[in-house]
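These are my notebook entries on a structure I went through site by site. I set down what I looked up, in the order in which I looked.

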Amino acid sequence: MRDMAQIRNIVILSGAGISAESGLRTFRADDGLWDDHRVEDVATPEAFRRDPDLVQRFYDERRANIMAAQPNAAHHALARLDREWPAELLIVTQNIDDLHERAGAGRVLHMHGEGLSAWCSACDARHHWTGTLRDKPPCPACGARALRPDIVWFGEMPYRMDEIFAALSRADLFVSIGTSGAVYPAAGFVEQAKSCGARTLELNLERSQGSHWFDETRLGPASERVPEWVEDALGGRPC
Ligand SMILES: [Zn+2]
């Protein structure tokens with residue numbers, strides 16, 4: 001047990017489990033399918049080269065689903081923690097939706113990209129995007145019809161890893177929420193935080209493959225476990 005008074009810097013990793021409770025489906029590791037598509041058909045650079053139309057349609061649909069979804073109690077609790085926590089805090093999310101932001105969180109880093117962002121492969125500009133891309137609209141910056149989803153596909157390097165590891169090395173507490181812990185590099189975050197002296201807490205629906213790395217695991221839906229934990233943290237109770 002570590003008293004919250006000793007805890008200043010917090011890094012939170014949020015994953016699919018937190019978005020699932022808002023109705024957003026993601027890639028399922030157990031059968032390798034994402035909304036009935038094989039991942040290698042829709043979420044790799046090779047798939048985009050082979051069949052850009054299929055990939056654009058797939059992400060056009062993801063984008064529409066994101067805009068139709070609403071933040072849940074877990075997103076709202078983390079937004080409250082972000083507002084009220086006086087020291088360093090970083091929410092690293094594997095999710096491509098903007099539900100953390102729509103709940104009001106500001107300190108959010110999207111390591112796997114953003115569904116509501118389009119990236120121009122001609123001029124490297126990124127644009128907030130709510131429409132479709134399958135009709136090949138021109139890039140608002142350079143006019144090239146070269147926009148792709150701003151998503152880190154399988155086989156591509158996650159965004160801002162230096163920043164994430166720097167935050168992990170300063171963390172007093174690392175909290176993993178709704179993620180299987182099965183996919184590197186995210187699976188290595190708990191090891192990094194622990195080796196730098198952080199306390200580690202897992203909030204998940206079920207025990208994950210990485211559970212043995214955590215000092216404590218609390219099982220249950222994110223919409224219940226996260227608000228409870230945020231209440232504890234802001235109340236200064238041990239965690
Ligand atoms: Zn451009």
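**Entry 1: the metal site.** I took as donors the N, O and S atoms within 2.8 Å of the metal, the cut-off being 3.2 Å for Na, K and Ca. The model is predicted. I first looked up which residues hold the zinc ion: the protein donors are the SG atoms of Cys-120, Cys-123, Cys-139 and Cys-142, and they lie 2.3 to 2.4 Å from the zinc ion. I then checked the geometry and found the site tetrahedral, with angles of 107 to 112° among the 4 donor atoms. Along the sequence, I read the spacing of the donor residues as C-x2-C-x15-C-x2-C.

Cys-142, at 41%, lies between the limits of 20% and 50% and so counts as partly exposed.

**Entry 2: backbone angles.** Most residues other than glycine have a negative phi. I noted Asp-124 as a residue other than glycine with a positive phi, near 75°. I located Asp-124 in the loop that runs between strand E6 (113–120) and strand E7 (126–128). I noted Lys-136 as well, which is not a glycine and has a positive phi of about 55°. Lys-136 sits in the loop between E7 and strand E8 (147–151). I looked up the accessibility of Lys-136 and recorded 53%; the residue is exposed because the value is over 50%.

**Entry 3: the second largest pocket.** Lys-136 came up again here. I recorded a volume of about 180 Å³ for the second largest pocket. Which residues lie nearest its centre? Of the 13 lining residues, I found these to be Phe-48, Pro-52, Gln-56, Lys-136 and Leu-147.

I then asked which elements supply the lining. Helix H4 (52–68) and E8 each give at least two residues, and H4 contributes the most, with 3. Pro-52 lies in H4.

**Entry 4: strand E9.** I turned to E9 (residues 173–177) and asked how many of its residues are buried. I counted 5 of 5, and the strand is mostly covered. I looked at the directions in which the residues point: Leu-173, Val-175 and Ile-177 go one way from E9, while Phe-174 and Ser-176 go the other way. The residues on both sides are buried.

I then looked up the strand partners. Strand E1 (residues 10–14) runs parallel to E9, and 5 bridges join them. E9 also pairs with strand E10 (residues 199–204), again in the parallel sense and over 5 bridges. I followed Ile-177 across both pairings. Ser-14 stands opposite Ile-177, and in E10 the bridge partner of Ile-177 is Leu-203.

Terms used. Residues are numbered from 1 along each chain as its sequence is written. This is a predicted model: local features need pLDDT of at least 70, side-chain atom pairs count only at pLDDT 80 or more; totals for chains, interfaces and linings use all residues. Side-chain values use heavy atoms; hydrogens and water are left out. Helices (H or I, at least four residues) and strands (E, at least two) are DSSP runs, numbered from the N terminus. Buried means under 20% relative accessible area, exposed over 50%, partly exposed in between (1.4 Å probe, protein chains only). On a 1 Å grid over the protein atoms alone, a cavity is a set of points where a 1.4 Å probe fits but cannot get out, and a pocket is an open set with protein on both sides within 12 Å along at least five of seven lines; lining residues have an atom within 4 Å of a point. Grid points are joined across faces, edges and corners, and a volume is the space filled by probe spheres set on the points. Two strands pair if DSSP finds at least two bridges between them. Four donors count as tetrahedral if all angles lie between 85 and 135 degrees; four count as square planar and six as octahedral if opposite donors are over 155 degrees apart and all others between 65 and 115; anything else is irregular.
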